[in-house]
Amino acid sequence: ADQSGRMAFRQRTRLAEALLAGPSRLDNYFEAGRPWRQWLWISIAFGLGFYFANTVSLSFGTLAVNDVVAAGVTVAFCEVASYVYYSRPKSELTIQLLMLNSFKIGVTAALMSDALKLQT
């Protein structure tokens with residue numbers, strides 16, 4: 001470890017260079033000139049959140065095992081995601097935070113949809 005406490009690379013291998021270049025490549029992929037990519041991935045995150053919540057609701061509801069634990073974990077996730085997203089200024093929001101918030105909105109929408117289905 002170096003003086004800052006991080007592990008220093010002894011060799012600059014191609015794998016290490018590829019891993020270190022990943023974040024800058026991701027930033028270039030989502031650069032401001034291509035907003036349709038951001039909307040595409042945000043929409044995908046919403047769909048994945050909707051699918052995830054339906055899967056959790058179906059599996060735990062059918063088995064009737066650990067319903068309270070699943071509900072608690074889901075509420076805790078939504079609260080932490082909301083805190084992380086809304087505690088930052090709007091100028092500091094990254095695409096990862098936008099996708100996290102979209103995933104959370106998908107989870108919430110799916111659970112509300114299930115509640116409406118059970119009401120009728």
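Is R37 buried or exposed in this predicted model?

View 1. R37 is buried, because its relative accessible area is 17%, and buried means under 20%, whereas exposed means over 50% and partly exposed lies in between (1.4 Å probe, protein chains only). The residue is found in helix 2, which covers residues 35-63; helices (H or I, at least four residues) and strands (E, at least two) are DSSP runs, numbered from the N terminus. If residues up to four places away in sequence are not counted, R37 touches Y29 and F30, where contact means heavy atoms within 4.5 Å.

**View 2. Y29 beside the side chain of R37.** Y29 is found in helix 1 and counts as partly exposed, because its relative accessibility is 31%. The backbone oxygen of Y29 lies 3.1 Å from a polar atom of the R37 side chain.

View 3. L26, Y29, W36, L40, W41, I44 and L48 make a nonpolar surface patch of about 640 Å². Patches are made of residues with over 30% relative accessible area and no salt bridge, with like charges joined within 9 Å and nonpolar side chains (Val, Leu, Ile, Met, Phe, Trp, Tyr) within 5 Å; a salt bridge is a side-chain nitrogen of Lys or Arg within 4 Å of a carboxyl oxygen of Asp or Glu. Helix 1 (14-29) and helix 2 each supply at least two residues of this patch, and the largest share, five residues, comes from helix 2.

**View 4. The chain around these close-ups.** The chain has four helices and zero strands. Its radius of gyration (taken over C-alpha atoms) is 19 Å, well over the 14 Å that the globule rule (2.2 Å times the number of residues to the power 0.38) gives for 120 residues, so the chain is more spread out than a compact globule. Along the principal axes, the C-alpha atoms fill a box of roughly 60 × 35 × 30 Å. Of the 120 residues, 20% count as buried.

**Notes to the views.** Residues are numbered from 1 along each chain as its sequence is written, and side-chain values use heavy atoms, with hydrogens and water left out. Since the model is predicted, local features need pLDDT of at least 70 and side-chain atom pairs count only at pLDDT 80 or more, while totals for chains, interfaces and linings use all residues.

How values were computed. Polar contact = N/O pair within 3.5 Å; in protein donor to acceptor, adjacent residues only side chain to side chain. Areas by Shrake-Rupley, 256 points an atom, 1.4 Å probe, with all protein chains shown as cover.
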